[in-house]
Amino acid sequence: MILDTARLLLFPALMAFAAASDMFTMTISNRVSLALIAGFVALAVLGGMGLHDILMHFGAGAAVLVVAFACFAMGWVGGGDAKVAASVALWFGFDHLLNYLVYASLLGGALTILLIQFRQWPLPYPLAGQAWLNRLHDKQSGIPYGIALALGALIVYPETEWIKAINLAHLAMR
């Protein structure tokens with residue numbers, strides 16, 4: 001039951017935290033990525049995932065990390081975004097990686113367009129005192145892409161083996 005609860009809540013909670021952190025501070029702490037990695041390892045081992053499958057998941061994470069850090073080096077994404085994307089890829093493995101990348105890309109494009117439009121208009125006076133909103137509104141600031149990464153991950157997560165392995169009937173009985 002604890003394993004099922006962890007499968008159900010850990011990943012979504014960390015994704016929600018990453019999105020909120022990026023929206024409010026324009027940063028994602030390394031602790032989020034480290035918690036995602038530790039959570040994956042713990043749940044994979046406790047859930048009985050085989051060594052081959054664990055290594056394949058790490059391969060997916062490493063592949064995304066290489067590409068994401070190349071994007072970081074070019075100034076296209078932030079370092080926190082690169083690490084979160086790789087950590088999510090670790091959870092999804094190659095089986096769900098393409099779906100995740102497509103969703104995150106589409107949502108990132110939509111977020112970018114929305115922020116460009118949002119930044120064209122002055123902030124209403126009652127909202128102008130909010131530091132986080134001023135950061136989002138500033139045309140010189142970047143895009144909090146962690147929001148799109150987290151939303152894409154939350155869309156794909158229910159289709160993964162992590163959720164399919166949960167005994168929902170057992171959880172409902174408690």
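Leaving aside its neighbours within four places in sequence, which residues is D22 in contact with? The contacts of D22 are T27, I28, D81, P144, Y145, G146 and I147. Contact here means heavy atoms within 4.5 Å. The structure is a predicted model, in which local features need pLDDT of at least 70, side-chain atom pairs count only at pLDDT 80 or more, and totals for chains, interfaces and linings use all residues. Residues are numbered from 1 along each chain as its sequence is written, and side-chain values use heavy atoms, with hydrogens and water left out.

D22 lies in helix 1. Helices (H or I, at least four residues) and strands (E, at least two) are DSSP runs, numbered from the N terminus. D22 counts as buried, because its relative accessibility is 3%. Buried means under 20% relative accessible area, exposed over 50%, and partly exposed in between (1.4 Å probe, protein chains only). The C-alpha atom of D22 is 18 Å from that of C71, a residue 49 places away along the chain.

The overall fold was examined next. The protein has 8 helices and 0 strands. Read from the N terminus, its elements run α-α-α-α-α-α-α-α. Along the principal axes, the C-alpha atoms fill a box of roughly 55 × 40 × 25 Å. Of the contacts with a separation of 6 or more, 72% join residues 24 or more positions apart.

Burial and surface were then computed. Of the 174 residues, 37% count as buried. The accessible surface comes to about 9800 Å². Carbon and sulfur atoms account for 71% of that surface. Accessible areas come from the Shrake-Rupley method with a 1.4 Å probe; for residues, only the protein chains shown count as cover. The protein carries 8 positive and 8 negative charges, and their mean positions are 10 Å apart. Lys and Arg count as positive and Asp and Glu as negative, while His and the chain ends are not counted. Each charge is placed at NZ of Lys, CZ of Arg, CG of Asp or CD of Glu.

The largest nonpolar core holds 39 residues. Such a core is a set of buried Ala, Val, Leu, Ile, Met, Phe, Trp, Tyr and Cys residues joined through side-chain atoms within 4.5 Å. Within this core, F11, M15, V88, W91, F92 and Y100 touch the most other members. Two or more residues come from each of helix 1 (2-25), helix 2 (30-46), helix 3 (51-73), helix 4 (79-118), helix 5 (131-137), helix 6 (146-156) and helix 7 (161-164). Helix 4 gives the most, with 13 residues. Beyond its neighbours within four places in sequence, W91 contacts L10, F11, L36, G39, F40, L43, H57, Y157 and W162.

Helix 6 is largely enclosed by the rest of the structure, because 8 of its 11 residues are buried. The buried residues are G146, I147, A148, L149, A150, G152, A153 and V156. Their cover includes helix 1 and helix 4.

The C-alpha atoms of G80 and L149 are separated by 11 Å, across 69 residues of chain. D95 also has its place in helix 4, but counts as exposed at 70% relative accessibility. D95 and A60 are 35 residues apart in sequence and 9.2 Å apart in space, C-alpha to C-alpha. L101, again in helix 4, counts as partly exposed at 36% relative accessibility. Its C-alpha atom is 9.0 Å from that of A89, 12 residues away along the chain.

M26 is found in the loop between helix 1 and helix 2. Its phi is near 60 degrees, a positive value in a residue other than glycine. M26 is partly exposed, with a relative accessible area of 22%.
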